[in-house]
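Biologist: Could you walk me through this structure, please? I have not seen it before.

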Amino acid sequence: MWEYLTEPWKACFEEAWEAYCNGSIPIGAVLVDQRGEIISRGRNRIHEITAPEKQICSNRLAHAEINVLMQMNSVDSDILKDCILYTTTEPCILCFGAIVMSGVRTVRYAATDPVAGGTSLNSSENTFIKSRKINIKKEEKYLGEIQRVLRTDHVLRTLTKDQIERFLFNYSIDYPEAVVIGRRWFELDILQQVRMNKTPISEIINKIGNELRTVC
């Protein structure tokens, strides 16, 4: 499966895996310019105590998209309208607002987020949002399935029982097979084992692909 990913998506999932390995929510994002080159990349760092310059951590606002956009300077605002922001999860209301204010006009995301996703705001009657004419779309399902396996394991490790059931019920609407795999991998402690072995995300994604072919 890894070989079918474009470079932006490979970078996104590398960031998501780094977030998982460091105890944060496994979400990664990148910003790509009109030539297709990655000019900014970031990950969720809400549970981390360090962050590179122009990024934030140890804060509920330290989302992947926020960390990507914060690296851009005010003088870059003119080029942002021609950039594409890729993220492994549908932007939440915080990140969607940041995208609107940043000037980025095109967004692609892997997994839907029925719990906190904010893309429905794009069709609101807010005149400022409408004036931005943001093109925001979900990509191929297999990308969302990759993300959902990682997130399912993280949910099972970090949330309360009531939260777990609510999140995974909603996640199963679009990605039932991925949630099944995520639950099984949690029970077998697979992601923690590969984390300790420093297994690259490419191998993990290929393993997810093999599992999906088994359960589908």
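**Fold and salt bridges**

Modeller: Over residues 3–121, the chain is 29% helix and 19% strand, with the end C-alpha atoms 34 Å apart. Helices (H or I, at least four residues) and strands (E, at least two) are DSSP runs, numbered from the N terminus. This is a predicted model: local features need pLDDT of at least 70, side-chain atom pairs count only at pLDDT 80 or more, and totals for chains, interfaces and linings use all residues. Residues are numbered from 1 along each chain as its sequence is written, and side-chain values use heavy atoms, leaving out hydrogens and water.

Biologist: How many salt bridges are found in the whole structure?

Modeller: The search finds 12, a salt bridge being a side-chain nitrogen of Lys or Arg within 4 Å of a carboxyl oxygen of Asp or Glu.

Biologist: Which residue does Asp 153 pair with?

Modeller: Asp 153 bridges to Arg 157, with the closest N and O atoms 2.7 Å apart. Both lie in helix α6 (residues 141–158), 4 residues apart, about one turn of the helix.

Biologist: Is Asp 153 buried or exposed?

Modeller: Asp 153 counts as buried, at 0% relative accessibility. Buried means under 20% relative accessible area, exposed over 50%, and partly exposed in between (1.4 Å probe, protein chains only). Arg 157 is partly exposed, at 31%.

Biologist: What about Asp 189?

Modeller: Asp 189 also forms a salt bridge with Arg 157, the closest N and O atoms being 2.7 Å apart. That pair links distant parts of the chain, 32 residues apart: Asp 189 is in the loop between α8 (176–188) and α9 (190–196), and Arg 157 is in helix α6.
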